[in-house]
Amino acid sequence: MFKSKKAFLALLLVVAMLVGMFSVTAASKVKLVVWGRDLPDDDPAHAYIKALIEGFQAKNPDIDLEYLALGDPGLMDKTKVAMANNRDLPHIFQSWGGSVMGGYADAGRLYDLTAELKDIPGSAAAQQAMTWKGKIYGVAPFFAIAGVFVNEDIFEKYNLKVPTTIAEMEKVADTLLANGIQPFAVGARDKWPVLAMYMYLVNRFGGMEAFDNAQARKARFDSEPMVKAAQLYQEWAKRGYFGPTPLGEAYGDAQQLMATGKAAMHVTGSWMCAQYGDPSFTDQKIGFYPFPVLEGGKGKATDVMGMTDIGFAATRMAAENKDAVVRFMKYAMSVEACSAELGRICSVPGVKAPNRLTEMASAVFAKAEAIQFWWDQDLAPSITSPLNDTLQQFLLPNSNVKQLLTNYEMIVEEFVGPAR
Amino acid sequence: MRNQPTISVPLGRAYPVRSKLTEIVVTAILILLALAVILPLVLPFLFVFKTRLEYNYNPWGWPTEIRWINFIEAWRAIRIGEGLLNTFYVCLGAIACTVPTAAMAGYIFARYRTKVTEVLFYFVLAGYFVPVQMVLIPLYQLCGLLNITDTLPGLFLPMTAFGIPFWTIIYRSFFTGLPNELAEAARIDGAGHANIFFRIMLPLAKPATVLATLLVFMGAWSDYLLSLIMINSAKNYTMQLRIASFMNQYGVDHMPRYAAATIIAAAPTVILYIIGHRWIIQGTLAGALKG
């Protein structure tokens, strides 16, 4: 009996000790908490984050930087809960700007840094992405655009030219199919990868206003350009342009198809430049080109779809630590930190593209006359998931794409309002 | 119609054929289910010894050579040593807080049945049906008020709160199955409530206690969501949070390295299961999971 009681009391003591051992934080330095997505390790895709964290710490010994790598969807989930609770917020969090950041700004969770950040040199598109209702909440040192990654070795082998029109693209795809090469890698199982090509098809049919009007509720999401683009997408799926089992391939599988020369084209974001230009990831020669135009369509080759690739926004906690926050934002936009990046398009002037592939993507970005933000970053968060669900179904051969878009329009009407 | 006489074939002869078919179908289904469990354990071993390029070309094949570098790089990248210590701490805290509390509560609800204890038991039972996701925000606020967010106790105490209802039900069911005569005999010999519990009943509930200890450990070890929300500093990161930092919006940056981290993270629970599976099966068979 005594033995059992003694063991039990020991257990209670352990509990008390465990509960009592609270962490103690050093208070000698100014503490700056940053929540990000990627690990600051030696992965080529993380070169910028590593340089940013290490460089900032070295240059600012008076600031105790705590960088938290949360991965994805960890960053999104944790940020959502912290913003909802309005407590234990970091000073800075990695953000893609747009409507999600705007929602946090409307809720009073962000800190207006317009005066401090408005004069930092950078591309207008990147600054616009981190601006909400006229106030700048952060910086976007890297900007991603969608385009066509092309396996140049395969194109050379089959004597193909990079297509500049949709008709040429179809001919190229037919030739590739005839030679047993999958024309496009997509990764439709993850839903969102379908969007990149669809955004461009809608643009090429109806111009920038096709989406802009639908978003502003001046047009419906089942308008003619939207439907025609969806029908073309479905037709390509039926022809096998996306492989025999497009819904069985995740985005990672799409990358593998491109990296191993099993697929010849990949319409996606320029963030893949780091991977596709990395010889430890692929032994194929891959290039980056603008999406082709449609003869008779309204969209132009210089209409480009883009989004923040890496951005940082300040929370309301920045008020108590403004100097450190601004120093971090400025260093994030410095040539020194940005030069470490191995694949993304930098929005800071004076930073050289690190490799041929990024140079090609940067050239497409530089020639862009109009940039439309990635739809799922720009639409209200309540209607982005249904959008991706809808797009994925375009790949089902028997789905009625017009009806799918009408159903989506009804969802938009419910959450945002009817088109006027 | 010429085959009509086959109707007269005795059922005893037709039955084994159908039974064999059924057996084959059932076996095939069981093999598929077993694969669903086994493959996630085996696949990382196919990935972990490869370079990224080799993985891209041949993800499902055997590695061309055994390379340990991914283990070393994963260990460095996410500081696995620190993660293992934190996670052990959380697991021990969860066990220490959950198991004794649930054992005592289960005993009370099984042996001292009054209207009050019955009502209280249904309150505890209700707690079992509350999913963590539903109460994340109020839970976080409560922990904030108690000033225990971003601490490891702030992680295992909510785990305890979610674990106690289930294990109380299990212990109650177990204690209900024990003969009351044992307690009465001890009472006649002069034993008090505490003596009866600690000397008679708790030792008899050893299968349930071992089972609870092992499963609470495994549950705490595998937790991701609660850890993600409650922990705000890198030094307090548990293993699952560290592994998740390999993930990005576009998948996994470095699959072989990710596989190395998952193998290291899974090792303690797999080893624990190998050591403790005898007790887990015993505990289950002894009635711990009845009712």
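B:N147 counts as exposed because it has 10 C-beta neighbours inside 10 Å. The cut-offs behind that word use C-beta atoms placed from the backbone: a residue is buried if 20 or more others lie within 10 Å of its own, exposed if 12 or fewer, and partly exposed in between. B:N147 is found in the loop between α6 (136-145) and α7 (153-177) of chain B. Its phi is near 60°, a positive value in a residue other than glycine. Helices here are DSSP runs of H or I with at least four residues, strands are runs of E with at least two, and both are numbered from the N terminus.

This is a predicted model, in which local features need pLDDT of at least 70 and side-chain atom pairs count only at pLDDT 80 or more, while totals for chains, interfaces and linings use all residues. Residues are numbered from 1 along each chain as its sequence is written, and chains are lettered from A and ligands numbered from 1 in the order in which they are written.

B:R79 lies between α3 (69-78) and α4 (80-111) of chain B. It counts as partly exposed because it has 15 C-beta neighbours inside 10 Å.

Leaving aside neighbours within four places in sequence, B:G83 is in contact with B:I78, B:Y237, B:T238, B:M239 and B:R242. Contact means that the C-beta atoms of two residues, placed from the backbone, lie within 7 Å. B:L241 is 158 residues away from B:G83 along the chain, yet their C-alpha atoms are separated by 8.6 Å.

Next comes helix α9 (residues 193-204) of chain B. Its twelve residues reach 15 Å from first C-alpha to last, close to the 16 Å expected at 1.5 Å a residue. The expected span is 1.5 Å times one less than the number of residues. Buried residues in α9(B) are B:I196, B:F197, B:F198, B:M201 and B:L202.

What about the core? The largest nonpolar core has 215 residues. Such a core is a set of buried Ala, Val, Leu, Ile, Met, Phe, Trp, Tyr and Cys residues joined through C-beta atoms within 7 Å. Its largest share, 13 residues, comes from α4(B). A:Y137, A:I145, A:Y198, A:Y233 and B:Y171 have the most contacts inside this core. A:I145 touches residues including A:S270, A:V304, A:I345 and A:F365.

Now the domains, whose bounds come from an automatic or database assignment. Chain A has domain 1 (30-142 + 307-362) and domain 2 (145-305 + 374-415). Their C-alpha centres lie 28 Å apart. The contact takes 18 residues from domain 1 of chain A and 19 residues from domain 2 of chain A. Chain B is divided into domain 1 (4-47) and domain 2 (69-288), with C-alpha centres 36 Å apart.

Last, the two chains meet. The contact takes 41 residues from chain A and 41 residues from chain B. On the side of chain A that touches chain B, α1(A) gives the most, with eight residues. The residues of that side divide into 19 nonpolar, ten polar and twelve charged. Here Ala, Val, Leu, Ile, Met, Phe, Trp, Tyr, Cys and Pro count as nonpolar, Asp, Glu, Lys and Arg as charged, and the others, Gly among them, as polar.
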